[in-house]
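Here are some friendly notes for a first look at this model. Please keep the structure open beside them as you read.

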Amino acid sequence: MFMQQNSSWVPIFPEQASTFAWQVDGLYFYLLAITAFFTIGIVAALIFLVIKYREKEKYATGAEIHGSIGLETLWSIIPFIIAMTVFLGGAIVYYNQYRTPKDAMEIYVVGKQWMWKLQHQTGQREINELHVPVGRKVKLTMTTEDVLHDFFVPAFRTKMDVVPGRYTTLWFEATKPGKYRLFCAEYCGLNHSGMGGWVYVMEQRDFDNWLSGNVSGQTPVEAGRDLFENKLGCASCHAGGPQQRGGKVEGLYNTDVKLVGGQTVKADDEYIRNSILNPSSQIVEGYQPIMPTFKGQVTEEQLVSLVAYIKSLGSEGSGATSTGSGSTGSGTSGSPSSSMPNPTNPNGGRLPTSQLTNSSVPGASNPNAPGNTSEPTRRENR
Ligand code: CUA
């Protein structure tokens, strides 16, 4: 059997190992109790009445009943109260689960047929395993290279779809050290059932040991900087200076960006991702729609790194670090810049709104995730 998997308070139930596990169970058993109460009550009344009022004489006339205001009010109000408790319970659990706390430790997750690839901010990578410290809020930023998956840890009583072409997040705070099942909870093809693994919840010091015992390689931020400055040559247009044709990304994260057409969007993970893959869909005011798409040239993991890097440059006024000047500009020669946003940059002319293609909504990015898993980091054809 699974280690620690059956020490639950209810047989066959997974252990409660996150802060909201008991809330989910509480709500679940509350619903079950209400359902059981009414099912049993109604069936019992049915049987009782069928027997009591069975036909005793042929063609008997029933007594006339003219209704009762009191009774009708009562059986309206009681269900209303019950329904509201269900609603409130559900809303509370939902808000707890789906509003990610700001102080959470972030881990990146990329799903793929048929495995989970995870990366810590310190650079350690894992496949189908996730090590996390106990008592610490953990946020997963997730996407997929191919089809829809769903990240599910029953012991944490939480799950979230992992959707091609966008980022979804999931958070939890594990309460008990142990080893817990991880599943894919969305049918994703032949080996869907095998797409799972384990979450290891460890004491903080064990976790620190684990981290230091694993080769970290590049952190997402370092990998992102490398892509930005060297491999993809983003810096030639986006790092400021005389070459700058696109918005500066320094201080960009989480600021409001004004688009051509007057809309304002938040420069969040989704927006950055979309600006790289679908540059013409969100043209920043003051810039030309000249940035080529990087669709097919960056993997989801590289995108995550780029987002992490841009994030690390801070948001306006929060003491951003420098982007450095590492660009040679060679990678982008002849291929113009950007729709990359910078709300404060007063650069140049407006452009026609007709350039603004469809979605200006961050969530509505193109679902064609680059399916390649190789390392297409050079922009050969530009
Ligand atoms: Cu991935 Cu099912």
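1. Start with the setting of helix α4. What covers the buried residues of α4? The cover includes β1 (105-112), β2 (115-120), α5 (235-238) and α7. Helices here are DSSP runs of H or I with at least four residues, strands are E runs of at least two, and both are numbered from the N terminus. A residue is buried if 20 or more other C-beta atoms lie within 10 Å of its own, exposed if 12 or fewer, and partly exposed in between, with C-beta atoms placed from the backbone. The buried residues of α4 are P220, V221, A223, G224, R225, L227, F228 and E229.

2. A word on how to read this. This is a predicted model, in which local features need pLDDT of at least 70 and side-chain atom pairs count only at pLDDT 80 or more, while totals for chains, interfaces and linings use all residues. Residues are numbered from 1 along each chain as its sequence is written.

3. For the overall picture, the protein has 7 helices and 12 strands. Of its 382 residues, 35% count as buried. Among contacts between residues at least 6 apart in sequence, 75% join residues at least 24 apart; a contact means that the C-beta atoms, placed from the backbone, lie within 7 Å.

4. Back to α4 and its partner α7. Their axes come within 7 Å and cross at roughly 95°; axes are lines fitted to C-alpha atoms, for helices over the stretch in contact, and angles run from 0 to 180 degrees between N-to-C directions. The two helices are therefore roughly perpendicular to each other (65 to 115 degrees; under 35 is roughly parallel, over 145 roughly antiparallel, and the rest oblique). On the α4 side the contact is made by P220, V221, A223, G224, R225, L227 and F228, and on the α7 side by Q302, V304, S305, L306, A308, Y309 and S312. By class, this contact has 9 nonpolar, 4 polar and 1 charged residues (Ala, Val, Leu, Ile, Met, Phe, Trp, Tyr, Cys and Pro are nonpolar, Asp, Glu, Lys and Arg charged, and the others, Gly among them, polar).

5. Helix α7 (residues 300-312) also packs with α6 (residues 269-277), at an angle of about 120° and with the axes 10 Å apart. That makes α6 oblique to α7. The contact is made by D269, I272, R273 and I276 of α6 and L303, L306, V307 and I310 of α7. These residues divide into 6 nonpolar, no polar and 2 charged.

6. Compare the spans of two helices with what is expected, namely 1.5 Å times one less than the number of residues. Helix α2 (residues 69-98) has 30 residues and reaches 43 Å, close to the 44 Å expected. How many of the 30 residues of α2 are buried? The count is 1, and α2 is hardly covered.

7. Finally, some backbone details deserve a look. Most residues other than glycine have a negative phi, and most peptide bonds are trans. Yet a cis peptide bond joins Q113 and W114, with omega about 0°, and W114 sits in the loop between β1 and β2. N128 has a positive phi of about 60° although it is not a glycine; N128 lies in the loop between β3 (125-127) and β4 (129-133).

Conventions: Two residues are in contact if their C-beta atoms, placed from the backbone, lie within 7 Å.
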